[in-house]
Amino acid sequence: MGIVSRADVLQGLAALRGREDEPTIEDWDIRAGILELVRRRGGVSMQSVNIIVVDREIFLWGVVEDDEDRAAVSGAAEVLVGVGKVHNFLNTLSEVARGVV
């Protein structure tokens, strides 16, 4: 847990746009499963990554070190049973540094 930034709030609101439902226990379990799979893989810093799950739909936001880490987080989200669509809005450090985002 840490500080919640305006970006965190906006990302959450964007994920919920047009929805009336709150995240369910199942959604929280999916989020925990993604974090566990990434932790087991090792080597991926999740400090700047937000995972939002609503109605089994996953939204990945934030910054990872490289394309390999982006693929690892996205792959962990995609392999879980019960997952719907995965929206990957992760950027790499080099993209952020170049101003691509």
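The side chains of glutamate 36 and arginine 40 come together in a salt bridge, with an N to O distance of 3.0 Å. The model in which this pair is found is a predicted one. Both residues belong to helix α2, where they sit 4 residues apart, about one turn of the helix. Glutamate 36 is partly exposed, its relative accessible area being 28%, whereas arginine 40 counts as exposed at 61%. As a general point, side chains of opposite charge can pair when their charged atoms come close.

In total, the structure holds 6 salt bridges. Another of these joins glutamate 26 to arginine 56 through their side chains, at 3.9 Å from N to O. Here glutamate 26 lies in helix α2 (residues 25–41) and arginine 56 in the loop between β1 (49–54) and β2, so the pair ties together parts that are 30 residues apart in sequence. Glutamate 26 is partly exposed, at 43% relative accessibility, and arginine 56 is partly exposed, at 38%.

Glycine 82, found in the loop between α3 and β3, touches Ile30 and Arg56, leaving aside residues up to four places away in sequence. Its relative accessible area of 31% makes glycine 82 partly exposed. Between glycine 82 and aspartate 55 there are 9.9 Å in space, C-alpha to C-alpha, and 27 residues in sequence.

The arginine 70 side chain reaches the backbone oxygen of leucine 90 at 2.9 Å. Apart from residues up to four places away in sequence, arginine 70 touches Val64, Asn88, Leu90, Asn91, Thr92 and Glu95.

With glutamate 95, the side chain of arginine 70 meets in a salt bridge of 3.2 Å, N to O. Because arginine 70 lies in helix α3 and glutamate 95 in helix α4 (residues 93–98), the pair ties together parts that are 25 residues apart in sequence. Glutamate 95 is buried, with a relative accessible area of 14%. Elsewhere, salt bridges with shared partners join Glu36, Arg39 and Arg40 into one network.

Key. Residues numbered from 1 in each chain as written. Predicted model: local features only at pLDDT ≥ 70, side-chain atom pairs only at ≥ 80, totals over all residues. Heavy atoms only, no water. Polar contact = N/O pair within 3.5 Å; in protein donor to acceptor, adjacent residues only side chain to side chain. Contact = heavy atoms within 4.5 Å. Helix = DSSP H or I, 4+ residues; strand = E, 2+ residues; numbered from the N terminus. Buried < 20%, exposed > 50% of the residue type's maximum accessible area, 1.4 Å probe, protein only. Salt bridge = Lys/Arg side-chain N within 4 Å of Asp/Glu carboxyl O.
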